[in-house]
Amino acid sequence: MQPRGSTSLRLGLVAAVAYFVAHACGWSSLALVTKPLPALCLFAFLLPVRNRDGALIAGGLVLSALGDLLLEASPALFLPGLVAFLLAHVAYVAAYLGRTRALHLGRLVPVALFTGFGFTQLEPHLGAMRAPVLAYVVVITVMVWRAAAQIGEDRTGELRPWLATSGALMFAVSDLMVGWSRFVDPDAGLKLPLMLLYWGGQTLIAASTRRD
């Protein structure tokens with residue numbers, strides 16, 4: 001790993017810890033500043049971007065940082081934040097399609113069952129947000145499926161497909177936890193686990209990027 005990349009990852013870890021401290025202490029300004037930093041540090045980890053795969057993942061990370069900022073800034077910005085994360089998932093899907101076009105439809109079934117079940121738990125509480133959340137769930141379903149479709153298609157023997165799939169699953173679970181906290185039970189105490197899953201998932205997705 002390049003020294004610059006190591007530095008970026010260390011800074012991202014420091015920012016994540018600072019966010020949790022700020023959140024626990026009620027320091028809203030510090031939380032607003034630190035929440036998007038881990039994704040931006042992962043973006044810096046990918047620099048310089050030398051190919052389409054890296055550019056798409058880097059774009060997804062920047063969009064994720066924007067989503068972090070919007071969601072942390074105000075509950076009224078939930079929909080714009082949702083759109084930012086939806087576009088991040090679209091960027092990841094485009095990157096994954098560039099790695100393989102193999103369908104592997106059998107891998108879509110368990111993913112769709114999982115995300116579909118999650119949506120059924122949220123749906124009674126969504127109200128006017130039903131359509132945007134449904135669109136989001138469809139996109140994250142495709143994202144996880146296209147990540148899983150890479151397994152067995154990379155002939156280099158590297159772990160990139162497994163990193164992408166694990167990261168996509170972690171990201172999807174964290175998204176469903178965000179939905180539960182937002183629409184069903186704001187006092188569920190999910191902030192720590194969902195952020196750990198989210199940042200862990202983003203890290204694995206970034207690590208799956210082709211660096212050549």
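Thr 34 lies in helix α2, residues 28-34, where helices (H or I, at least four residues) are DSSP runs numbered from the N terminus. This is a predicted model, in which local features need pLDDT of at least 70 and side-chain atom pairs count only at pLDDT 80 or more, while totals for chains, interfaces and linings use all residues. Residues are numbered from 1 along each chain as its sequence is written, and side-chain values use heavy atoms, with hydrogens and water left out.

With a relative accessible area of 5%, Thr 34 is buried, a term that means under 20%, with exposed meaning over 50% and partly exposed in between (1.4 Å probe, protein chains only). Leaving aside residues up to four places away in sequence, Thr 34 touches Ala 15, Ala 18 and Tyr 19, contact being heavy atoms within 4.5 Å.

Tyr 19 is itself buried, at 0% relative accessibility. Nine aromatic pairs are counted when rings of Phe, Tyr and Trp (its six-membered ring) are paired if their centres lie within 6.5 Å, with planes under 30 degrees apart called stacked, over 60 edge-to-face and the rest tilted. Tyr 19 and Phe 20 form a tilted pair, 5.9 Å centre to centre with 55° between the planes. Ring pairs also link these two residues with Phe 85, Tyr 92, Phe 171, Tyr 198 and Trp 199 in a cluster.

Met 143 touches His 89, Tyr 92, Val 93, Tyr 96, Ala 168 and Phe 171, not counting residues up to four places away in sequence.

The axes of α3 and α9 are 10 Å apart at an angle of about 10°, which makes the two helices roughly parallel. The contact is made by residues of α9 that include Tyr 198 and Trp 199, and by Pro 38, Ala 39, Leu 42, Phe 45 and Leu 46 of α3.

Beyond α3, in the loop between α3 and α4, lies Pro 48, joined to Leu 47 by a cis peptide bond with omega of about -10°.

Note on methods. Axes fitted to C-alpha atoms, helices over the stretch in contact; angles between N-to-C directions. Parallel < 35°, antiparallel > 145°, perpendicular 65-115°, else oblique.
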